[in-house]
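Subject: Structure handover

Hello,

Here is the structure I promised to pass on. Please open it alongside this email, and then read through the notes below it.

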Amino acid sequence: MSVWSVVRERRELALPAIFLVFLIPQVVNVWASHDAWWVRVVGVGLVIGFAVVYMWGFYRFPMPVFGPPERSVWWVFVVLTALTGGLSVLVGPVALATLPFHVAAACYLLRRPVAVVVAMFYVLGVVTVLRGLGVWDELSFIPWLVAGVFAGNFVLSSVFIGDVRTMQVEQELAVTRERERLARDVHDSLGHTLTVVSIKAELASRLVSSQPERAARELVEVRDHVRDALSQVRDVVTGLTHHSIADHVSALRYSMDGAGLDVEVTGSMQGVPQRVVESVGWIVREAGTNVLRHARASRCTIAVTSRDLTITDNGVGIPAHFTGVLTSPVAAGSDTMSANMRGPGPQLPGRHGITSMTQRAADAGLTLTITVPAGGGTTLTVGWDIP
């Protein structure tokens, strides 16, 4: 891998690389402090080696926020300290001005508490050395330089770590939301289709001996529904599911007709606002699936107005504690949602279909009303004119 390819792939190396310019004074000190060429060569080699090890540390070891720190990272600081000591032998205590590189690396390669301890070690160490050599008055700026560089880089790295953690949380939330969306889509689409398949397959099994021709027709429809289910899986996975309300209602009417229900559709589908078409469509499919699977109904009415869509059946109804009004959490708050549903919260046990519909309504800012009329059956109304 070439140096240029490393720079292109690891752009975060640009910041530590920029600060290498502050090693130029060390090269000047080496060149001016000795006349012997070999001493100059050794000194310049130490400075170059220092720069290489410093950059290698950033290249080899990621920040702890991206994973557990490696113990071998300590070799970076051991080698840097050794190179600083060797350079000090050649040019004197002024070589300790390379220590800011040490503490800067600590800010990015070590965990926060450990970096603080390392910085304190270097500051106290340089103070001790300068006082011990009797050059404190001349080079007292070095400890302050080390502390200042550490403080600045500690703040910068803290901000960077905070941004990284925020992005990680946002990514995790996005993944969770996508999983929930896929779960709802798979349940709502496949649940409806497979319910129809189950009903028709059961009907065909009863007719196979008495009415084989009708049984064959039912099996052909089962095959078609299975193919439709496969298509729905592909649509859900690729996120390309875009159906109009008319499509959903037509599919539901076809399924109910095939199951022997008398279906009546009134009103115009053009009254549904475009922004909630997909959510209303999925609620229609799920409500229809519940009618087919649980209601034991013989008649179903679908009515659309400019403000809502209502599905009514004459089946056995649902338990009273599953009825009520669901409003968008944005408009009324999640506590209101749970209370109005008069259940144990949005995740209603044993009623995944109702949970799915309520969640979709909440996400789209819709009002979902589920009631059991006095004469029996169930009425579900989804409205998009929320006060």
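Predicted model: local features only at pLDDT ≥ 70, side-chain atom pairs only at ≥ 80, totals over all residues.

R296 touches V291, G315 and V316, not counting residues up to four places away in sequence. R296 sits in the loop that runs between α12 (277–295) and β2 (299–304). Is R296 buried or exposed? R296 is exposed, because its relative accessible area is 70%, and the cut-off for exposed is over 50%. G377 is 81 residues away from R296 in sequence, yet the two C-alpha atoms are 9.3 Å apart.

Now the overall picture. The protein has 387 residues, and 42% of them are buried. It contains 15 helices and six strands.

The largest nonpolar core has 45 residues. Which residues have the most contacts inside it? They are Y54, F58, F77, L87, L110, L130 and I142. The elements giving two or more residues to this core are α4 (37–60), α5 (74–91), α6 (99–109), α7 (112–133) and α9.

L87 deserves a look of its own. Leaving aside neighbours within four places in sequence, L87 is in contact with Q26, V30, G43, L46, V47, G92, A95 and T98.

Then look at α6. How many of its residues are buried? The count is 11 of 11, so α6 is mostly covered. The buried residues of α6 include L99, P100, F101 and H102. C107 and Y108 are among them too.

On to the cysteines. C107 is buried, because its relative accessible area is 1%. C300 is buried as well, at 0% relative accessibility. How many disulfides does the structure hold? The number is zero. A disulfide is a covalent bond between the sulfur atoms of two cysteines.

Salt bridges come next. Side chains of opposite charge can pair when their charged atoms come close. The structure holds two salt bridges.

One joins E202 and R206, with the closest N and O atoms 3.4 Å apart. Both residues belong to helix α9 (residues 141–207). They are four residues apart there, so about one helical turn separates them. An α-helix has 3.6 residues a turn, so residues three or four places apart point the same way. E202 counts as partly exposed, because its relative accessibility is 47%.

The other joins E218 and R214, at 4.0 Å from N to O. These two are in helix α10 (residues 212–238), and again they are four residues apart, about one turn of the helix. What about their cover? E218 is buried, because its relative accessible area is 7%, and the cut-off for buried is under 20%. R214 is partly exposed, with a relative accessible area of 33%. Apart from neighbours within four places in sequence, E218 is in contact with K200, L203 and A204.

Last, the surface. Which residues form a nonpolar patch there? L15, I18, F19, V21, F22, I24 and V28 do, and together they have about 670 Å² of accessible area. Two elements give two or more residues to this patch: α2 (14–18) and α3 (24–33). V28 lies in helix α3. V28 counts as partly exposed, because its relative accessible area is 48%.

Best wishes

Notes. Residues numbered from 1 in each chain as written. Heavy atoms only, no water. Patch = residues over 30% accessible without salt bridge, like charges linked within 9 Å, V, L, I, M, F, W, Y side chains within 5 Å. Areas by Shrake-Rupley, 256 points an atom, 1.4 Å probe, with all protein chains shown as cover. Salt bridge = Lys/Arg side-chain N within 4 Å of Asp/Glu carboxyl O. Buried < 20%, exposed > 50% of the residue type's maximum accessible area, 1.4 Å probe, protein only. Disulfide = S-S within 2.5 Å. Contact = heavy atoms within 4.5 Å. Core = buried A, V, L, I, M, F, W, Y, C linked by side-chain atoms within 4.5 Å.
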